[in-house]
Every structure is written in C-alpha cells, then in structure tokens.
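Thanks for coming. I will go through one chain today, starting with the model as a whole and then moving to details. Please have a look at it first.

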Amino acid sequence: AAFKFADPTDPWLTPFAEKYDISQLNSSMELNFIGIKVGDVNGNAHGQKAHNQPVVFRTAYNMVVEDRFVQEGETVRIPVKGNAGSELFGLQAHLVSNGLRINDITSELMDLNFGNVALYGDAAARVSVAIPSGMTIKETPLFVIEATATSSGWLRDMVQLGEGMQAEVYTENLEVKPVALAWRVTEDALFAKAPVPNPWMSQTNITFHLPKEGMVTLRVSDFTGKKIISTVNQYSAGENILSLTRDDISKPGVYVYEIRFDDQVITGKMILLE
C-alpha cells in the first residue's frame with residue numbers, strides 16, 4: 001500500500017513491488033497490501049486499454065470428481081460430472097496428470113472423436129466440444145478419464161486443469177463460465193471408516209482396509225488438544241479392525257481421532273458416553 005507509482009494514471013509503466021522482504025523479524029509489524037487485477041480473466045483485456053474494459057464476475061462451473069486412493073499399476077475410470085439440471089452448449093479444458101497415464105477420454109452424453117479429444121504423450125489431454133442444440137445435464141458423467149496409475153496416491157493430486165487451454169463451459173444464453181474441479185470423497189473411498197458405534201459406551205470399532213502391509217498410526221486427543229492415545233502398529237494387507245474400550249479412554253466426552261497410513265490421513269470426532 002505504501003508503494004509510490006511513477007505515474008499513478010499508468011500503473012503498468014514501471015514494475016511495482018509484489019512482495020515485502022523482512023529480514024530478522026523480531027517484533028510485530030503491520031503491513032497493508034492492495035489487491036490488483038493483473039493479466040486477462042475473461043479474454044477482453046487489450047494492453048493498456050484494459051482499464052477501460054468492464055470487470056466481469058463469473059461464478060465457476062464446478063465439475064465434480066470423486067476422489068480416491070489408487071495403487072501403482074491400477075487401471076482407473078474417473079467420471080467427471082457437471083451441474084445436474086444445468087444447460088450446456090459446449091466445453092473445453094486442458095487436463096494434466098502427475099502419476100497417471102491418460103489412455104482415453106470417453107463420454108456417453110457427447111459424441112467425442114479425434115476432433116474433440118487430443119492426447120499429448122502420457123500426461124496431458126484436451127477436450128473441446130460444441131453442442132449447438134444444447135444439452136440438459138443429468139447424473140450421467142460429462143466424460144470419463146480412462147487412465148493407468150504410474151504411482152500410488154490420491155486422484156486429486158494426480159489430475160489438474162492445465163494452462164494450455166482456458167478451461168470453460170458455455171451455459172444458458174451462451175454465458176461463458178470458468179471451470180473448476182470439485183473433488184468429493186465418499187465413505188467408500190476412505191481407507192478407514194468412522195467408528196461404529198458412535199457415540200459409544202463400552203467399545204467402538206474402526207474398520208480400515210490396507211492395500212499392502214504397513215504401519216498404521218492412531219492418535220486420539222480430547223477437545224483441548226491433550227493427547228490421550230498415540231500408537232503405531234503393523235497391520236496386514238486387507239481389512240483390519242481397531243477397537244477402543246474404556247481401558248483406552250475412561251473419561252466421557254468428545255474426542256478427535258486421527259488414523260494415518262502412508263500419506264493417507266483420516267480424522268474425525270467420536271463421543272464417549274457416561
């Protein structure tokens with residue numbers, strides 16, 4: 001906020017400070033920043049005339065993708081869904097992957113062919129399709145990414161929207177909306193399920209499934225953050241059950257549990273009754 005522009009009427013004339021370096025911070029400081037729109041948001045900016053263009057606020061169109069943990073070598077189908085009930089006249093997106101080899105992109109709703117889908121090596125793909133008569137989106141996925149995992153991990157860390165093409169959809173009245181990937185995790189996708197029963201009185205069980213043998217960490221804290229349980233044990237591949245009783249936790253109350261396996265972490269709350 002304290003930066004002085006050489007010419008306030010032409011802020012792009014000279015570079016301006018976008019960061020503030022603090023050396024050997026040893027006391028409280030108050031620094032004010034001003035947000036400035038830079039770059040092109042909706043394709044209507046033209047150089048120094050950009051300040052004459054209207055600012056358009058556009059709500060992102062969320063494409064919903066179910067997140068889950070995949071194993072190296074696993075073949076996966078990743079459905080990408082649109083907003084149910086919305087009207088769609090076209091879409092385009094550039095997808096990049098890290099840990100997935102994209103084999104194909106298919107669709108039951110849209111007629112996709114080599115003119116609509118382009119694969120770039122193993123790690124990138126583009127989808128571009130026009131729907132002149134429009135289409136009402138239902139629960140059927142817009143398209144499905146067919147891929148092979150080249151490493152183990154969560155899908156949300158493996159698939160992103162790239163910058164090679166502006167991701168956008170064309171909705172009612174041919175309104176252009178930017179696209180965002182909205183990741184959702186279902187109970188079935190989690191390697192560990194919520195405690196059953198919960199609330200509980202004498203005993204509760206946490207069921208978890210491991211793709212391979214390994215170490216599982218369990219931490220339980222009370223609502224003040226005080227650690228009550230902290231264990232690390234070896235478990236075999238497949239389904240396992242971790243039981244908690246009043247010998248482990250004796251005082252009624254609300255507790256926060258955390259179960260960790262490799263880079264997967266599941267947290268939640270449980271209640272021990274009187």
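What follows is a short tour of the fold, a cavity and some backbone details.

This is a predicted model, in which local features need pLDDT of at least 70, side-chain atom pairs count only at pLDDT 80 or more, and totals for chains, interfaces and linings use all residues. Residues are numbered from 1 along each chain as its sequence is written, and side-chain values use heavy atoms, with hydrogens and water left out.

First, confidence. pLDDT is the predictor's confidence in each residue, from 0 to 100. The chain has a mean pLDDT of 83, with 89% of its residues at 70 or more. Over residues 46–57 the pLDDT is below 50, and this stretch makes seven contacts beyond near neighbours in sequence in the model. A contact here means heavy atoms within 4.5 Å.

Next, the fold. The chain has 18 strands and zero helices. Both are DSSP runs numbered from the N terminus: helices are H or I, at least four residues, and strands are E, at least two. Of the 274 residues, 33% count as buried, that is, under 20% relative accessible area, where exposed is over 50% and partly exposed is in between (1.4 Å probe, protein chains only). Of the contacts between residues at least 6 apart in sequence, 67% join residues at least 24 apart.

Now the inside. How many cavities of 30 Å³ or more does the structure hold? There is one. On a 1 Å grid over the protein atoms alone, a cavity is a set of points where a 1.4 Å probe fits but cannot get out, and lining residues have an atom within 4 Å of a point. Grid points are joined across faces, edges and corners, and the volume is the space filled by probe spheres set on the points. The largest cavity holds about 60 Å³. Its lining includes M63, F143 and W183. Among the strands that each supply at least two lining residues are β1 (61–67) and β12 (176–185). By class, the lining has twelve nonpolar residues (Ala, Val, Leu, Ile, Met, Phe, Trp, Tyr, Cys and Pro), no charged ones (Asp, Glu, Lys and Arg) and no polar ones (the others, Gly among them).

Last, the backbone. Most residues other than glycine have a negative phi, and most peptide bonds are trans. V196 and P197 are joined by a cis peptide bond, with omega about 0 degrees. Another cis bond joins N198 and P199, with omega about 5 degrees. P197 sits in the loop between β12 and β13 (203–210), and P199 lies in the loop between β12 and β13. Q24 has a positive phi, near 55 degrees, and is placed in the segment before β1. Q24 counts as exposed because its relative accessibility is 71%.

Methods. On a 1 Å grid over the protein atoms alone, a cavity is a set of points where a 1.4 Å probe fits but cannot get out, and a pocket is an open set with protein on both sides within 12 Å along at least five of seven lines; lining residues have an atom within 4 Å of a point.
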